[in-house]
Each structure stands twice: as C-alpha cells, then as structure tokens.
Amino acid sequence: MTEATLLRQQDVLAKFGEMALRSENLDDILTEACRLVGEALGTDLAKVMEIQADGLTLLVRAGVGWNPGVVGHLTVEAVKGSSEGYALNTGEPVMSVDIDHETRFEYADFIKDHGVKCIVSVIILGAEGKGPFGILQVDSRTPGHFVARDTKFLRGYANLIAAAVDRLQVGQKMRAAQAELRISESALRKANETLEERVAERTHAFEAEHGHRELAEEKLRQSQKMEAIGQLTGGIAHDFNNLLTGITGSLDLIRRRMDAGRTQDIARFMDAASTSAQRAAALTHRLLAFARRQSLDAKPSDVNALIAGMDDMLRRTLGEQVRFEVVLGAGLWPALTDANQLENAILNLTLNARDAMPEGGRLRIETTNTQMHASQSLVGEEVTPGPYIVVCVSDTGTGMTPEVVAKAFDPFFSTKAPGQGTGLGLSMIYGFAKQSGGHVRIDSAVGAGTTVKLYLPRANSAERLIGDVAEAATPQGRGENVLVVEDDPTVRLLIVEVLTELGYVGHVAADSREALPVLRSDQRIDLMGSDVGLPGLNGRKLADLARDIRPGLKVLFVTGYAESAAVRGDFLAPGMDLLTKPFTLDALGAKIREMIES
C-alpha cells in the first residue's frame with residue numbers, strides 16, 4: 001500500500017467520523033458512507049444492505065452509483081451459496097475478484113446488470129448482545145480492482161459505521177428515557193398535589209413511582225455515557241497525529257541527509273517512515289476492533305525483542321526534551337500475549353508519559369520477571385497468582401491525584417483538553433491486560449511522576465516465540481579507549497576480549513583501587529564500564545569520583561541484578577547507562593557504540 005493510498009483512506013475515516021457525529025439521519029449517514037468508501041477505493045459503486053426481521057433478507061438501505069429503483073426497494077437473500085450468507089455466517093470479509101469466473105457464490109441479477117465484476121462484502125456489526133446490522137458491499141466494474149489488504153481498511157470502516165449506528169440508537173433510547181422521566185415527574189407532582197387526602201392509599205404507589213424515577217434517571221445516565229462513543233472519532237485524529245511523528249521525523253532526516261549529499265542510508269529512514277505509517281493504520285483498526293470486543297491473538301512473545309524493535313520509533317516520538325531509557329531484564333520469560341496489542345499499549349503509555357512532561361523529563365521502560373501471590377493483591381483487584389512478565393513505564397511528569405488514579409481506567413475518562421485524546425488509552429490497556437490474563441497497576445503522585453506496571457502471564461517456553469528480531473551486524477569500534485572495572489576475572493577477561501574484537505582498546509582494573517590511578521593518569525579514556533557490586537567502593541561511587549577527575553566521562557554499568565534497576569529510579573545520571581548480565585556481544589557492542597556516539 002502506498003503512502004498516498006494510506007493517507008487517502010485515513011482522510012476518508014476522518015471525514016466520515018466527523019459527518020457521523022453531526023448528522024442525526026441514518027439514511028444520510030449510510031449514503032455518505034457509501035460515497036466516501038468509493039472515494040477511498042477508487043470506485044463509484046457501493047451499498048449498505050440492512051438485515052430484515054427474518055434474518056435472511058437484506059434490503060439495499062443506501063448506496064451510490066445504482067439505477068433508480070434499487071436503493072430502498074431491491075432485496076438480496078443471504079442464503080447458502082451467496083457471498084452475503086457466507087459473510088453473515090462467518091463474520092469474515094468476502095471478496096470475488098471476477099464474478100464471471102466465481103464458482104463459490106451466485107450474485108443477484110441487478111448486480112450483474114450494472115456491469116459489476118469485482119465485489120467485496122464486509123459485515124456491519126450490531127449493538128452488543130444483538131445480531132449484525134447488515135453488510136457493506138463495495139463494487140467495481142473492473143476485475144481484480146480490490147486486493148486483500150483493502151479488506152483490512154473495510155473492516156475498520158464497517159466498525160466505524162457500526163459505531164455511528166449505535167450512536168443514533170443510543171440517542172433514541174436517551175430521548176425515550178427523557179420522555180419517561182418527564183412523565184414520571186408529572187405523575188409525582190400530581191400525587192403531591194393530592195397527598196394530604198390520599199396519603200394512606202397512595203403511599204405504596206408513590207414509593208413505586210419514585211423507584212421508577214430513579215430507574216429512568218439511571219437509564220439516562222447510562223445513555224449519556226454511551227453517547228460518549230461519539231468522542232472516539234475526534235480522539236483518533238489526535239492519537240493518529242501523534243503516531244505520524246515517526247513518519248515526519250524520518251522524512252525530515254531524509255531531507256537533511258539529501259541536502260548534505262549523504263544518500264547511502266536513506267533507505268533506513270524510508271523503512272522507518274513506512275513502518276510508522278503501517279503501525280498508525282493498524283492502531284486505528286485495532287481501536288475500532290477493540291470497541292467491538294474482538295478476541296486477542298495471544299501467542300508466546302519475546303517482550304524484550306518487541307521493545308528493542310520499537311526503540312527508534314519511540315525515541316523520535318518523544319523528542320529531544322525527554323531522556324529515554326530502556327532496561328531490558330536478563331533471562332526474561334516469554335509472555336503469552338498479543339504482540340500487536342502490546343506494542344500499542346507500550347506506545348500509548350509512552351505518549352501519555354510524554355504529554356505529562358511538557359517541559360521535558362525522563363521516561364524509562366523496564367522489563368522483569370515476577371511471581372504474584374494471592375497476598376499481594378490490592379483491595380478490589382482480581383489477580384490470579386502465578387508467574388508474570390512485568391513491563392514498567394515510569395516518567396517524571398506532573399503525576400495524578402488519587403481521585404484521578406481511581407478513574408484512570410474508566411472508558412472515555414481523560415484529563416486532556418477536548419479533542420486532544422479519546423480517553424480510551426488506559427481503558428484499552430486495562431482491557432487488553434485483563435483479556436490476556438494479566439493486570440495493570442498505577443502508582444502516581446502529583447509532582448512526582450507516574451509508574452504504570454503491565455503484568456503479562458508467562459507462556460510455555462517450549463512454544464515458538466513471537467517478536468525475535470533479526471540479527472544485525474555488530475557495531476565496530478574505532479580504536480576508542482574503554483576502562484573495564486570488574487572484580488570477576490573471567491567476566492573481565494571476556495569483556496576485554498570482546499572489546500578487542502570490536503576494535504576498542506581495553507584497560508582493566510579489578511576494583512576502584514586499581515581504577516583510580518588509571519583515571520588520574522594522562523591515558524585517554526572514552527568510556528568506563530564498571531560492575532555495580534565492586535568490593536570496597538561500589539561502582540556508583542566510583543563513577544562519581546571518576547567524574548570529579550574527568551567531568552563528563554561516559555559510564556556503562558554492568559550488573560547481574562536486573563531487579564535492582566527497577567527500584568533505582570535515580571540511579572543513573574546523564575551520560576550513564578546500564579547493561580544487565582548475561583549480555584551478548586551484539587548488545588555490548590551496540591550499547592558502547594551508542595554511548596560513545598551520543
């Protein structure tokens with residue numbers, strides 16, 4: 001799919017969402033839906049067919065490009081052997097690339113009479129607990145006009161139509177509830193006017209009437225809450241613009257490289273822009289899909305590999321004002337989760353953290369293993385004891401009050417200005433975690449930042465992992481000098497050998513007593529790599545002394561205690577980073593190269 005096609009489809013989603021929010025006429029909404037989907041897919045034929053009471057007959061309720069007498073009059077039977085019946089029975093999109101050579105289904109005569117060759121049918125779901133509303137059918141007179149990826153856009157578009165239908169139906173229920181409330185109030189006033197004469201015989205009736213009033217008010221509140229679905233479309237536009245930051249950042253880098261005549265690595269940024277665009281489109285689809293409560297595709301996933309693959313995109317999204325740190329736990333178990341939904345959850349948490357730090361700050365993503373026990377559950381929580389993988393996203397932003405934290409997972413609740421968020425981000429994450437068999441916790445205080453912990457159940461390690469990243473060439477050194485401070489002789493030897501192979505010059509010290517003379521000498525040191533748990537003076541205190549001697553010295557801590565990084569929020573100063581044991585040659589080389597070049 002080209003970027004132009006993607007942007008055109010997203011523009012159609014935004015146009016339809018805006019129109020669906022303004023209009024109170026279902027026929028107008030459905031007709032505009034047909035016109036816009038044709039605009040998105042390059043055809044002038046489309047229709048919405050509404051299922052009738054018998055569950056088999058489909059009435060052409062709205063459409064564009066059809067001769068008079070079709071829309072509002074003709075029907076199609078969703079029987080066995082029809083594409084419409086197949087779509088309703090399976091819930092899956094159906095596409096015929098050339099109906100003249102179609103052997104699976106038979107199509108209605110009026111479709112053939114209009115010269116239709118290629119056709120796609122997508123189900124429009126009904127309200128929760130009810131059957132489908134009908135089918136969105138897009139037609140073309142050109143064989144093979146539609147391709148498989150068009151069905152992904154159409155499924156999301158049909159879900160948006162379903163949301164618009166739901167909104168109108170909810171509005172009708174709300175108006176009915178308001179009418180009931182007015183009737184109840186009138187009856188109550190009448191009863192009060194004659195209360196003295198009828199107090200004995202009307203006491204029971206009054207109580208019943210009062211109960212009915214409370215029920216009507218509850219219905220009204222529920223209807224108003226459901227109408228908040230209308231906020232979804234405007235919020236999507238905001239969230240989508242945030243995701244486009246990855247695209248615009250990559251394009252800006254491409255422009256800068258081309259202006260400088262450096263074209264050798266432009267393909268990398270083009271790939272990054274394309275990947276961000278695909279993720280943005282997938283996020284829009286999954287937002288709509290989640291509203292229909294579709295099941296998750298949970299598979300054993302390598303969470304560390306998934307986060308590592310998002311690193312570049314997250315850094316570009318956060319911008320230069322936010323210091324971004326990633327601490328991936330050693331020996332992390334595979335998680336039983338939907339990798340795509342987990343990506344969206346991490347992205348949403350990152351965007352929320354960024355928005356909470358308008359003046360900049362620090363954002364950290366950490367992973368670790370944990371064992372949950374029944375005694376660790378908080379009041380009101382439903383957590384199944386067992387092994388979990390924890391993804392912890394913490395920031396130094398504005399924080400939240402206890403009242404806001406208590407409502408943070410409520411659907412459509414948002415502290416952002418109108419039009420700047422859907423209020424679905426945290427509720428989606430909460431629903432995703434619960435559907436995955438996990439949990440989410442928030443720890444926040446005003447002025448002290450926020451920490452969100454996402455608990456994912458451990459998967460069977462014997463199953464194939466999802467999320468492994470392809471191996472890349474190990475970054476090479478250019479003769480830089482690295483001081484290695486490690487008390488374990490085997491680890492010290494290994495690190496020095498790795499540094500030598502990567503093209504660095506290694507200098508060794510077993511502890512701070514051996515390291516300080518080197519630091520005080522004239523020997524050039526580009527980076528110091530130090531164990532945290534050194535005998536005598538520990539690695540953190542050694543780093544402070546080293547920076548007194550050599551201001552601005554970059555320090556890479558190497559430790560075998562991944563859990564300690566999760567609780568040392570202020571452990572790392574600027575220019576410092578942490579690598580957990582065991583590590584690969586690629587991880588060490590990449591981290592050293594990254595720090596030296598930063």
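Strands here, like helices, are DSSP runs numbered from the N terminus, with at least two residues (E) for a strand and at least four (H or I) for a helix. Strand 17 and strand 18, residues 576-580, pair in the parallel sense over five bridges; pairing is called when DSSP finds at least two bridges between two strands.

Before I go on, a word on what we're looking at. This is a predicted model, where local features need pLDDT of at least 70 and side-chain atom pairs count only at pLDDT 80 or more, while totals for chains, interfaces and linings use all residues. Numbering starts from 1 along each chain as its sequence is written, and side-chain values use heavy atoms, with hydrogens and water left out.

Back to strand 17, then. On its other pairing, strand 16 (residues 527-531) is joined to strand 17 by five bridges, and the two run parallel. Met-528, for instance, has Val-555 as its bridge partner in strand 17. To get from strand 16 to strand 17, the chain passes through helix 16, residues 539-549, and this β-α-β crossover is right-handed. Right-handed means that, with the strands pointing away from the viewer, the path from the first strand over the helix to the second runs clockwise.

Is strand 17 buried or exposed? Six of its six residues, 554-559, are buried, so the strand is largely enclosed by the rest of the structure. Buried means under 20% relative accessible area, exposed means over 50%, and partly exposed is in between, using a 1.4 Å probe and protein chains only. Lys-554, Leu-556 and Val-558 point one way, and Val-555, Phe-557 and Thr-559 point the other.

Now have a look at Asp-531, which sits in strand 16. An unreviewed UniProt entry annotates Asp-531 as "modified residue: 4-aspartylphosphate"; such annotations may be inferred rather than shown by experiment, and the positions are given in the numbering used here, with feature names shortened. Asp-531 counts as buried, at 8% relative accessibility. Leaving aside residues up to four places away in sequence, Asp-531 touches Val-485, Glu-486, Asp-487, Gly-539, Val-558, Thr-559 and Lys-581, where contact means heavy atoms within 4.5 Å.

Strand 8 runs parallel to strand 10, residues 361-372, with six bridges joining them. One of the paired residues is Arg-323, whose bridge partner in strand 10 is Arg-362.

Finally, salt bridges. The rule is a side-chain nitrogen of Lys or Arg within 4 Å of a carboxyl oxygen of Asp or Glu, and by that rule the count comes to 28. One of them pairs Arg-167 with Glu-24, at 3.2 Å from N to O. Those two come from distant parts of the chain, 143 residues apart: Arg-167 is in helix 5 (residues 148-193), and Glu-24 is in the loop between helix 1 and helix 2 (26-41). Arg-167 is buried at 8% relative accessibility, whereas Glu-24 is exposed at 52%.

Within helix 2, Arg-35 and Glu-32 are three residues apart, about one turn, and they form a salt bridge with the closest N and O atoms 2.7 Å apart. Shared partners join Asp-11, Lys-15, Glu-32, Arg-35 and Glu-39 into one network of salt bridges.
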